[in-house]
Amino acid sequence: MSLTSAWVRPLPRLLCIAALLLFLTFVFSSQLYFAGFVTPWSRAFAQEAIYWLSCGVLAIPILWMCRRLHRGAYGWVSYALALMLGAIIAVALQPAVAFSIGRGLATLHLCQTACGEGLKFVPHDFVALAIRSAGINLAVYAGFVLAWHAAIYYREGQDRQLKSVELESLLHQAQLQALRNQLNPHFLFNALHSIAELVHDNPKLAEKLIVRLGELLRQVLQSATLPEVPLADELDFIRGYIDIEQMRLGDRLQVEWAVSPQLLMARVPSLILQPLVENAIQHGIAPTSKAGVLTISARREEQSLILEIRDTGPGMPQAAERRLGIGLTNTSARLARLYGDRQKLELIGDDGLLVILRIPFSEP
């Protein structure tokens with residue numbers, strides 16, 4: 001730490017203490033003047049200024065003592081005894097500090113008559129003056145100690161809250177990553193299963209599928225650390241996945257796209273559409289012998305982005321609605337983690353199955 005930063009860091013606190021002492025000087029000097037105890041007002045102000053300036057000088061070692069005691073490995077009994085000893089020392093030193101300040105100001109010709117009259121005591125009156133002013137000095141000492149502890153406990157509370165938010169964020173990211181780590185093998189196993197069905201019947205097509213799968217896995221690895229990607233990138237990945245399925249299913253899989261070019265830069269969770277498309281193909285189109293249509297659409301409604309995956313398959317039986325697969329379960333969990341109540345995932349039986357995904361609309 002540089003010398004400049006060592007002075008700058010405590011400067012706001014010192015300025016606050018100085019402002020407080022100046023305020024107290026005005027309040028108590030005005031009280032002495034208007035009550036008729038000390039006149040004129042300049043004399044009352046000089047008297048109170050010397051007193052509160054002496055308190056300000058003592059505040060520095062008092063706060064330093066609080067800091068050292070707080071950081072040390074002391075029990076409550078030792079802590080209390082040390083604070084009581086500090087109170088006795090502060091009460092005993094305050095008159096001497098005030099006397100020294102008054103003498104110094106008079107010597108420098110900054111304050112003559114008022115300073116001299118404000119300090120009408122000599123060294124042999126020191127003990128008596130310390131006892132007479134003990135009440136107010138103890139209150140001032142307690143005020144400094146309590147203010148320091150209130151400030152430090154407030155700061156520690158803020159630090160604990162910040163750490164709690166950071167830990168919650170780390171947990172949030174870890175849970176999302178765990179969901180993605182579960183989703184990627186699920187996608188890979190299903191793709192390998194599709195390729196395995198063609199290894200003996202159509203080796204050349206199986207080879208093309210393996211090459212295409214390698215390209216998709218490269219895309220997965222590139223986006224592994226990104227929570228959100230542009231919709232255009234997500235659709236490129238989906239096109240690659242659909243290419244693999246079309247090689248396997250041929251004309252039985254027909255795809256329609258309804259995505260406005262103005263939405264291609266919208267941010268979406270990476271790999272959020274893949275399990276929805278996979279579910280539509282594996283459970284909606286592949287089990288039937290007739291051709292099926294897969295429709296992928298995107299539109300904007302006010303501040304929401306609506307993504308829809310529709311297939312013309314047999315739909316979802318009621319039993320399956322109550323027990324979703326890994327892909328849909330993880331998709332729902334990821335959306336809840338990312339957007340909370342601002343997202344919605346709906347499954348509607350409508351001449352097949354319609355999956356509606358609603359997330360907040362955002363652009364880079």
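**R299 and its partners**

I started at R299, which is partly exposed, with a relative accessible area of 33%. This is a predicted model, so I'm reading computed values throughout. R299's side chain meets that of E301 in a salt bridge, 3.0 Å from N to O. I looked up E301 next: partly exposed as well, with a relative accessible area of 32%.

R299 also pairs with E308, and here the N to O distance is 2.6 Å. Is E308 buried or exposed? I get a relative accessible area of 14% for E308, so it goes down as buried, because the cut-off for that is under 20%.

**K344 and E346**

K344 comes out partly exposed at 45% relative accessibility. E346 is also in the partly exposed class, at 27%. Back to shared partners: salt bridges join R299, E301, E308 and R358 into one network. How many salt bridges does the count come to? I noted five.

**S54**

I moved on to S54, which sits in helix α3, residues 41–71. Its relative accessibility is 0%, so S54 counts as buried. What does S54 touch, once neighbours within four places in sequence are left aside? My list reads Q94, V97, A98 and I101.

**The nonpolar patch**

I found a nonpolar patch of about 520 Å², made by L22, F26, Y33, F34 and W41. Which helix gives the most to it? That is helix α2, residues 11–34, with four residues. I checked F34, which lies in helix α2. F34 has a relative accessible area of 67%, so I logged it as exposed, given that exposed means over 50%.

**Whole chain**

Last, I wrote down the totals. The protein chain has twelve helices and seven strands. Of its 364 residues, 37% are buried. The chain exposes about 21,400 Å², and carbon and sulfur atoms supply 62% of that area. I also looked at contacts between residues at least 6 apart in sequence: 72% of them join residues at least 24 apart.

Terms used. Residues numbered from 1 in each chain as written. Predicted model: local features only at pLDDT ≥ 70, side-chain atom pairs only at ≥ 80, totals over all residues. Heavy atoms only, no water. Helix = DSSP H or I, 4+ residues; strand = E, 2+ residues; numbered from the N terminus. Buried < 20%, exposed > 50% of the residue type's maximum accessible area, 1.4 Å probe, protein only. Contact = heavy atoms within 4.5 Å. Patch = residues over 30% accessible without salt bridge, like charges linked within 9 Å, V, L, I, M, F, W, Y side chains within 5 Å. Areas by Shrake-Rupley, 256 points an atom, 1.4 Å probe, with all protein chains shown as cover. Salt bridge = Lys/Arg side-chain N within 4 Å of Asp/Glu carboxyl O.
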